[in-house]
Amino acid sequence: SDLLMERSQGPEWRLAIARERLGEALVSERPAEATTLLREAEQVLSQQLGDRHSETLRTRKTLARLTV
């Protein structure tokens with residue numbers, strides 16, 4: 001489960017979620033910065049929480065909107 005995976009990892013994923021949220025907030029005004037933050041977040045979230053975790057998927061969905 002997502003909760004079990006989160007509890008077994010270090011604090012880096014929490015910082016990645018903060019980057020992801022900031023990236024979401026910057027999407028319309030500063031897309032280049034948003035993309036950088038989201039890519040960094042996606043890498044950490046994927047490594048620490050897994051490719052199918054809801055936070056990883058959320059980050060990828062936001063990145064997909066930027067690349068359309």
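Which hand, left or right, does the crossing of H2 and H3 have? The crossing of H2 and H3 is left-handed, a term used where the near helix is turned anticlockwise from the far one by less than a right angle (clockwise gives right-handed). The model is predicted, and local features need pLDDT of at least 70, side-chain atom pairs count only at pLDDT 80 or more, and totals for chains, interfaces and linings use all residues. Residues are numbered from 1 along each chain as its sequence is written, and side-chain values use heavy atoms, without hydrogens and water.

Helices (H or I, at least four residues) are DSSP runs numbered from the N terminus. Helix H2 (residues 12-26) packs with H3 at an angle of about 150°, and the axes are 8 Å apart. Axes are lines fitted to C-alpha atoms over the stretch in contact, and angles run from 0 to 180 degrees between N-to-C directions. H2 is therefore roughly antiparallel to H3, the term for angles over 145 degrees. Ala, Val, Leu, Ile, Met, Phe, Trp, Tyr, Cys and Pro count as nonpolar, Asp, Glu, Lys and Arg as charged, and the others, including Gly, as polar.

Helix H3 (residues 31-49) also meets helix H4 (residues 54-66), with axes that come within 9 Å and cross at roughly 150°. H3 is therefore roughly antiparallel to H4, and this crossing is left-handed. The contact includes Leu38 and Arg39 of H3 and Thr59 and Leu63 of H4. Its residues divide into eight nonpolar, five polar and four charged.

How values were computed
Helix = DSSP H or I, 4+ residues; strand = E, 2+ residues; numbered from the N terminus. Parallel < 35°, antiparallel > 145°, perpendicular 65-115°, else oblique. Contact = heavy atoms within 4.5 Å.
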